[in-house]
Amino acid sequence: MNTNSHDILVALLSKLKIDCITLDERINAVSRELNDVETYLIKMTKTDFDEYRFFSPRTDSQNYFQQMEYKKVERKKLDTELSYLKNQKKNLQEEIQQLETVLTIEKNHTVELSLNQRDRQRAAKQLHDDPVSSLFLTVQKLERSQLDVIQAPKKVQEELKEICHNINQTIDDLNEIIFDIYPSLYGHISIKDIFGKKAEVLEQKHGYKVDCRIEDVSCETISSVIHIYHIIQECLLNIEKHANAKKVQLIGQNYFQKYVIEIHDDGIGFSGKEDDYGDGLKMVKDRVILLNGQMKITSKSHRGTSVEIEIPLN
């Protein structure tokens with residue numbers, strides 16, 4: 001949807017909401033008039049004609065019944081108008097709901113495109129910084145080994161072992177990047193298995209003490225599972241890059257049609273204000289909004305950070 005179409009829909013939605021308010025005011029006014037007529041008719045019906053004539057000696061029976069008939073006609077007219085106005089309001093509300101749905105879908109699509117673009121940019125940077133650089137160094141080593149293959153064969157053998165190790169590491173790095181971009185390419189996504197292994201890596205390679213208690217997501221919608229994967233992954237990347245933490249707690253549980261995520265660290269923390277979110281937390285927030293979830297971040301300088309997220313699964 002282009003900008004002009006979006007602006008037209010927003011303006012139309014605003015006009016319909018104003019029309020709905022105007023209808024509400026008219027409905028309330030007609031309801032009050034109808035109530036007054038109903039009250040009058042009830043009162044007159046309960047009043048005996050002789051009693052009425054006593055208090056209005058100049059009013060004969062004909063005028064009395066004419067007045068009653070007039071009020072009944074007025075009641076019917078108001079009742080018809082009220083039904084018409086309520087029907088108009090119902091139709092208007094349906095139009096508003098349809099427009100809001102279209103705008104929500106359009107907004108979600110825009111957010112999805114933005115997230116995909118940022119994922120690709122980060123993947124490109126990772127490819128440049130890690131696998132591409134590693135392959136470049138590997139080629140240089142192979143070129144040097146060609147010169148030593150006759151004069152220093154043992155040295156070449158050692159270099160070839162190191163080169164094989166580097167190539168295998170590069171393959172692992174590439175698989176990790178590809179998985180991060182498109183995890184469903186590898187079949188079933190087990191959040192439990194993925195982050196169970198990730199916790200081991202954080203402990204072995206980075207020295208974190210990790211308390212990992214995470215369940216697979218009870219949801220058949222693969223796109224939701226992928227977004228939840230990215231949310232957790234992004235939070236852990238933030239800890240690795242910025243937190244300078246020693247302890248990490250990762251909890252992911254299915255709870256009453258929701259997937260609840262809690263990630264705590266004992267790192268340096270930050271102000272906790274949304275204005276101070278980096279690109280990583282902004283992407284997490286966008287994904288949570290896209291899934292109609294809720295997010296709360298609590299952090300103070302040198303007191304760690306806690307991220308609490310609830311994602312509806314229905």
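**Before you start.** Residues are numbered from 1 along each chain as its sequence is written, and side-chain values use heavy atoms, with hydrogens and water left out. The model is predicted: local features need pLDDT of at least 70, side-chain atom pairs count only at pLDDT 80 or more, and totals for chains, interfaces and linings use all residues.

**Stop 1: the sheet.** Select the strands first; helices (H or I, at least four residues) and strands (E, at least two) are DSSP runs, numbered from the N terminus. You will find an open sheet of 5 strands in the order β1-β2-β3-β5-β4, with mixed pairing. At its edges are β1 (209-214) and β4 (294-299), each pairing on one side only; two strands pair if DSSP finds at least two bridges between them. On average, neighbouring strands here are turned by 5° against each other, direction ignored. The angles on this tour run from 0 to 180 degrees between N-to-C directions, with axes as lines fitted to C-alpha atoms, for helices over the stretch in contact.

**Stop 2: β2 and β3.** Now select 247-254 and 258-265: these are β2 and β3, which run antiparallel and are joined by 7 bridges. Q253 stands opposite V260 in β3. Then pick F256, in the loop between β2 and β3. Its phi is near 50°, a positive value in a residue other than glycine. F256 has a relative accessible area of 68%, so it is exposed (buried means under 20% relative accessible area, exposed over 50%, partly exposed in between, with a 1.4 Å probe and protein chains only).

**Stop 3: helices on the sheet.** Select 191-206 to see helix α5, which lies across β1, β2 and β3 and runs at about 175° to β1. Next take helix α7 (residues 279-290), which packs on the sheet and touches β4 and β5 (305-312). The direction of α7 makes about 150° with that of β4. Contact here means heavy atoms within 4.5 Å.

Stop 4: At 66% relative accessibility, H302 counts as exposed. Move on to T305 in strand β5, which counts as buried because its relative accessibility is 11%. Show side chains: a polar contact of 2.9 Å joins T305 and S299 (a pair of N or O atoms within 3.5 Å; within protein, one must be able to donate a hydrogen and the other to accept it, and residues adjacent in sequence count only if both atoms are side-chain atoms). Leaving out residues up to four places away in sequence, T305 touches several others, including I263, F270 and I297.

**Stop 5: helix α6.** Select 222-243. Its 22 residues should span 32 Å at 1.5 Å a residue, and its end C-alpha atoms are 30 Å apart, which agrees; the expected span is 1.5 Å times one less than the number of residues. Of the 22 residues of α6, 17 are buried, so the helix is largely enclosed by the rest of the structure. Just after α6, N244 takes a positive phi of about 55°.

**Last stop: helix α3.** Finish at Q88 in helix α3 (residues 61-148). Q88 is partly exposed, with a relative accessible area of 32%.
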